[in-house]
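Here are some notes for a colleague who is opening this entry for the first time. Please keep the sequence and the 3D view at hand while reading.

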Amino acid sequence: MPDFSVPDSVFEEAARRFPTPFYLYDEAAIRGEARLLNEAFSSVPGYREYFAVKALPNPAILRALMDEGCGLDCSSRPELMLARRVGAKGEDIMFSANAMPAEELALAREMGALINLDDLSDVPTLLSLGPAPEAVSLRVNPGKEVRGRTSFMGNAADAKYGFMPSQLAGGLRMLKDGGTTKFGLHAMTMSNSLQEGYYAHNAGYLFELGLELERETGLTLAFVNLSGGIGIPYKPEEEAVDVRRVAAAVCLKYRRAFGERDDVRVFSELGRLVTGPHGYLVTRAIHRKDTYRTYIGVDACASNLLRPAMYGAYHHITVAGKREAPADQTYDVTGSLCENNDKFAVQRQMPAVEMGDLLIIHDAGAHGHAMGYQYNGRLRSAEVLYTPDGDFRLIRRAETPEDYFATLV
């Protein structure tokens, strides 16, 4: 179920200091997730978490995670620049992108990042930029090897990501001819999965594939990147994945594949798992409408949190000071965009909401603020860090109309 460990008094105090809407991030809890991953996977050789910058691209969060030993997974030129600004360098950075512009590959090479190629055509592009890196990763779409489906990744045959398995050896031979001596493999076959066996299944497939490609190409398998995909329990009835059990299952797959060998490192890119449960969109009820349904309008909208409008995603909502009150009212909770899908909740059972009440939208710490946009001239909100010593720090100011007009010529 969603994380309810932050008391309402924290959100109420933050709302006295900062105008709504805003995002609030629990720094201590985010650091705790990174420490849990490192502890759980400590028996897996060379393990490192590369936090997916796209999930929460704020320097304060990235620095905190780097303090805990994480690297950064980037997928665009600005994300690479952001990683450099927070002190990441060389193999602190994994660069993964698709439909990858040559200039972005060039910047990743210049920074010494580990490069993860998405397509066979990326190989000659990379080689055209100079001598091949010592180690290069290839992203694979396993096709029929995928177990299960989700609403985000869909059928593997429809996914735009990755080499077909049959293309990998050819790509590696081209890289070998260019000077590469080692390779990595990367695959993400599910998104937001609560299936505990998903990660170990992915690991076992990549470990065996890596050994096969070693024999076929003569290159050395240096690392396997299990990517992301482990989900979080957005709904109250859902249970969190036990990360320790997942790590133990991955370790078992590792030993079955490699025996006593321990030179193949294992990476992850678990953005949602690390920050998702510990970010909240804090908004205020400003309008009530009674027509065919009862609508509660808030001062946030899909420009602040797109996931419900884009995916129909569920985010739990609580009303500050009313956690124990009976959920005996039915509301659609809406924003102000001129779009009918601008709804944070549809026919949701909630306590009675009065104008001015503070609503907390949970599990918004990943792919929340980062997916914001400016449709209807609605502006992106501030981000606030709830620090381990119980204070608040503004880590991104809210946009202003001046920002909206700044790029016009």
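1. Some conventions come first. This is a predicted model, in which local features need pLDDT of at least 70 and side-chain atom pairs count only at pLDDT 80 or more, while totals for chains, interfaces and linings use all residues. Residues are numbered from 1 along each chain as its sequence is written, and side-chain values use heavy atoms, with hydrogens and water left out.

2. Helices (H or I, at least four residues) and strands (E, at least two) are DSSP runs, numbered from the N terminus. Helix H2 covers residues 27–40, which makes 14 residues, and its span of 20 Å from first to last C-alpha is close to the expected 20 Å, the expectation being 1.5 Å times one less than the number of residues.

3. Which residues of H2 are buried? They are Glu 27, Ala 29, Ile 30, Arg 31, Glu 33, Ala 34, Leu 37 and Ala 40, where buried means under 20% relative accessible area, exposed over 50%, and partly exposed in between (1.4 Å probe, protein chains only).

4. Asp 92 and Arg 48 form a salt bridge with an N to O distance of 3.1 Å. This pair links distant parts of the chain, 44 residues apart, since Asp 92 sits in the loop between helix H4 (77–85) and strand S4 (93–96), and Arg 48 in strand S2. Both Asp 92 and Arg 48 are buried.

5. Arg 173 and Glu 216 form a salt bridge at 3.6 Å, N to O. Arg 173 lies in helix H7 (residues 165–177) and Glu 216 in helix H8 (residues 198–217), so the pair ties together parts that are 43 residues apart in sequence. Arg 173 is partly exposed at 38% relative accessible area, and Glu 216 is partly exposed at 41%.

6. In the salt bridge of Arg 396 with Glu 383, the closest N and O atoms are 2.5 Å apart. Arg 396 is in strand S17 (residues 392–396) and Glu 383 in strand S16, so the pair ties together parts 13 residues apart in sequence. Arg 396 is partly exposed at 30% relative accessibility, whereas Glu 383 is buried at 1%.

Definitions and conventions: Salt bridge = Lys/Arg side-chain N within 4 Å of Asp/Glu carboxyl O.
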